[in-house]
Amino acid sequence: MMRTFDTVGVVGLGTMGAGIAEVFARSGLRVIGVETDENALARGRGHLENSTGRAVARGRMTAEQQREILDRIVFTTSREDLADADLVVEAIPEIMEFKRGLFADLDRICKPSAVLATNTSSLSVTAIAATTSRPGQVIGMHFFNPAPVMRLVEVIETVVTEEGLAAEIAELARRLGKTPVVAGDRAGFVVNRLLLGYLNHACHLLQSGLAGRDDIDTAMKQGVGLPMGPFTLLDLIGLDTSYKVCEVLFGESRDRRHAPAPILRELVTAGLLGRKTGRGFYSYTGEGTAPAPEALSKPAISLVGIVGGGPAAASFVSGLDTAGFKVVIAEAPDLGPVAGADLVIALSDTPVIELAVRLPRPERLVGLHLVGESVAEVVSTVLTSDEAVTAVCDLVTVLGRTPVRCADRAELVVNALLYPYLNDAVRMLECGYASAADIDAAMRLGCGYPAGPFEMLDGIGLEKVRDGLRALYAEYRDPAFAPAPLLDQLVTAGVPSVRSVG
Ligand SMILES: NC(=O)c1ccc[n+]([C@@H]2O[C@H](COP(=O)([O-])OP(=O)(O)OC[C@H]3O[C@@H](n4cnc5c(N)ncnc54)[C@H](O)[C@@H]3O)[C@@H](O)[C@H]2O)c1
């Protein structure tokens with residue numbers, strides 16, 4: 001028999017709990033919101049009043065609807081008030097001892113039929129369930145921030161979850177206007193497992209000096225179309241939370257991609273936790289903001305040499321022609337035609353340094369990789385002069401693209417971050433944890449990405465990604481970059497889409 005969920009308890013009315021309480025109340029359910037003390041309760045009520053108040057101000061709900069929503073919520077500091085709840089969703093801090101203590105208490109207080117759910121981002125739902133006498137009725141219900149806006153809810157079932165309960169909770173999520181994805185109890189579930197690996201990798205690349213903070217953020221936002229770059233997102237999530245989630249992921253996976261980057265530890269130890277403390281990777285206090293960009297001027301270059309062929313080089317050369325630059329081209333291994341140019345730009349797959357050492361003036365050679373319609377990675381080697389890099393950045397800007405400066409490493413910035421993330425998604429599919437459709441939906445709806453990893457893979461081409469991963473593996477020797485066997489096999493078999501198998 002299907003359960004009915006009419007009265008829902010929400011424990012912890014912080015960032016997530018207040019939003020979750022709002023989601024339930026908006027859908028007409030009766031909500032009991034529990035906080036630790038009167039101050040925290042007032043803060044939680046404030047979150048709810050502000051959030052619904054903003055919706056009224058934007059014309060998304062009437063003042064009458066706001067009152068009805070708030071009237072459906074009972075605010076209390078007593079857990080005992082949860083005795084009649086059909087479902088309790090916990091949203092207290094991500095600390096296992098706190099959660100286990102709370103669930104043991106909820107088990108004592110709540111009626112025997114009640115379902116107990118945790119909003120944990122990374123902790124073991126099984127370990128939380130084990131503190132109760134009803135582990136079959138304990139489940140993960142993982143909302144995303146901000147809960148009233150983000151459409152995804154990950155429903156996490158454990159090996160002891162009662163049969164059918166995950167489907168009932170998924171149905172409840174649909175009733176709330178959300179899209180559920182049901183998955184098993186693995187650290188990070190679908191979204192955080194894929195997201196934190198990528199964010200942590202960005203920290204490693206920053207530390208290695210591949211590119212600067214702003215360049216990496218710009219590359220991923222403008223080059224891939226993500227809602228924000230990795231460092232802006234880390235600051236938003238909170239560096240302490242990100243660090244903790246990485247530790248939990250690493251504890252389970254033992255994968256270096258999840259081992260928290262030392263820069264995260266340093267920032268967290270310094271108390272620089274991101275937006276919530278006014279500083280993380282960026283400063284939010286108004287100090288240290290970037291200076292206004294200088295007025296754009298066309299660089300004074302008499303002759304530009306281009307190394308490379310193909311459509312990207314052709315379109316770049318045509319842009320240079322239109323902008324009035326004189327261009328010479330070396331398409332073949334002979335670099336003679338460009339030897340006398342003031343500036344040489346390499347648009348080829350050969351490592352830039354290998355071309356530079358074959359020129360009489362290697363300091364004038366800069367690599368260029370065009371990403372999408374609006375970004376260009378500007379690659380300098382150990383021999384490149386600052387003047388040459390600046391000149392290429394100016395040129396690229398004149399031609400309407402945003403330059404991203406980086407060092408001469410395999411797959412540069414965008415592909416070095418994107419391909420391992422796509423590989424992680426293939427591995428997740430390969431081990432049977434979730435379907436390609438669910439993984440795609442989870443990343444689109446949980447992170448606001450323009451496409452899921454398998455949609456991205458199809459768009460880029462499986463072979464290109466596989467070859468890029470091989471290049472990354474050859475450069476960094478990190479086993480995580482070795483192409484997933486499934487990806488390799490699909491390329492070998494000539495299958496154009498991972499989605500056709502998952
Ligand atoms: N912040 C996010 O982006 C995000 C996203 C998804 C899931 N989560 C998860 O949601 C949970 C809560 O995270 P948050 O960001 O909302 O934290 P938060 O610090 O903003 O809020 C936690 C709230 O819980 C209250 N609290 C602490 N102990 C309590 C107790 N014993 N009883 C009642 N209330 C208690 C605190 O007073 C606080 O208001 C964590 O498990 C986190 O991993 C967070």
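Q: Is Val88 buried or exposed in this structure?
A: Val88 counts as buried, because its relative accessibility is 0%, and this should be read with the caution that the model is a predicted one.

Q: Where is Val88 found, then?
A: Val88 is found in strand S4, and its C-alpha atom is separated by 8.6 Å from that of Cys110, a residue 22 residues apart from Val88 along the chain.

Q: Changing topic to the ligand, which residues come nearest?
A: There are 22 residues around the ligand, and those that come nearest are Met16, Glu35, Glu94, Lys99 and Ser121.

Q: What part of Met16 is 2.8 Å from an oxygen atom of the ligand?
A: For Met16 the atom in question is a polar backbone atom, 2.8 Å from a ligand oxygen. With Glu35 a polar side-chain atom is involved, and that atom lies 2.5 Å from an oxygen atom of the ligand, while Ser121 also uses a polar side-chain atom, which lies 2.8 Å from a ligand oxygen.

Q: And how much of the ligand does the protein bury?
A: The ligand taken alone exposes 830 Å², and 80% of that area is buried by the protein.

Q: Which elements each supply at least two residues of the shell?
A: Helix H1, helix H2 (38-57) and strand S6 (138-143) each supply at least two residues of the shell around the ligand.

Q: What is the shell like by class?
A: Sorted by class, the shell around the ligand has nine polar residues, eight nonpolar residues and five charged residues.

Q: How many salt bridges does the count come to?
A: The count comes to 23 salt bridges, and one of the pairs that meet in this way is Arg26 with Glu22, where the distance from N to O is 2.9 Å.

Q: How far apart are Arg26 and Glu22 in helix H1?
A: Arg26 and Glu22 are four residues apart in helix H1 (residues 15-26), which means that about one helical turn separates them. The two residues can also be described by their accessibility: Arg26 is partly exposed, with a relative accessible area of 41%, whereas Glu22 is buried, with a relative accessible area of 1%.

Q: What about Arg79 and Asp105, how do their side chains meet?
A: The side chains of Arg79 and Asp105 meet in a salt bridge, with 2.7 Å from N to O. Arg79 lies in the loop between strand S3 (73-76) and strand S4 (87-90), and Asp105 lies in helix H4 (residues 96-109), so the pair ties together parts that are 26 residues apart in sequence.

Q: Is Arg79 buried, exposed or partly exposed, and which residues do salt bridges join into one network?
A: Arg79 is partly exposed, with a relative accessible area of 31%. Salt bridges that share partners join Arg79, Glu80, Asp105 and Arg108 into one network.

Q: New topic: which residues make the nonpolar surface patch of about 310 Å²?
A: That nonpolar surface patch of about 310 Å² is made by Val357, Val382 and Leu383. Val357 is found in the loop between helix H13 (352-356) and strand S12 (365-371), and it counts as exposed because its relative accessibility is 56%.

Q: Where is Thr161 found, and what lies 2.6 Å from its side chain?
A: Thr161 is found in the loop between strand S7 (152-157) and helix H6 (165-175), and a polar atom of its side chain lies 2.6 Å from the backbone nitrogen of Thr158. Thr161 is buried, with a relative accessible area of 11%.

Q: Which peptide bond is cis, with omega near -5°?
A: The peptide bond from Asn145 to Pro146 is cis, with omega near -5°, and Pro146 has its place in the loop between S6 and S7.

Q: And what is phi of Glu411 and of Arg477?
A: Glu411 has a phi near 65°, a positive value in a residue other than glycine, and its place is in the loop between strand S14 (402-407) and helix H15 (414-430). Arg477 has a phi near 55°, again a positive value in a residue other than glycine, and Arg477 is found in the loop between helix H18 (462-476) and helix H19 (485-493).

Note on methods:
Residues are numbered from 1 along each chain as its sequence is written. This is a predicted model: local features need pLDDT of at least 70, side-chain atom pairs count only at pLDDT 80 or more; totals for chains, interfaces and linings use all residues. Side-chain values use heavy atoms; hydrogens and water are left out. A salt bridge is a side-chain nitrogen of Lys or Arg within 4 Å of a carboxyl oxygen of Asp or Glu. Buried means under 20% relative accessible area, exposed over 50%, partly exposed in between (1.4 Å probe, protein chains only). Patches are made of residues with over 30% relative accessible area and no salt bridge: like charges are joined within 9 Å, nonpolar side chains (Val, Leu, Ile, Met, Phe, Trp, Tyr) within 5 Å. Accessible areas come from the Shrake-Rupley method with a 1.4 Å probe; for residues, only the protein chains shown count as cover. A residue is near a molecule or strand if one of its heavy atoms lies within 4 Å of it. A polar contact is a pair of N or O atoms within 3.5 Å; within protein, one must be able to donate a hydrogen and the other to accept it, and residues adjacent in sequence count only if both atoms are side-chain atoms. Ala, Val, Leu, Ile, Met, Phe, Trp, Tyr, Cys and Pro count as nonpolar, Asp, Glu, Lys and Arg as charged, and the others, Gly among them, as polar.
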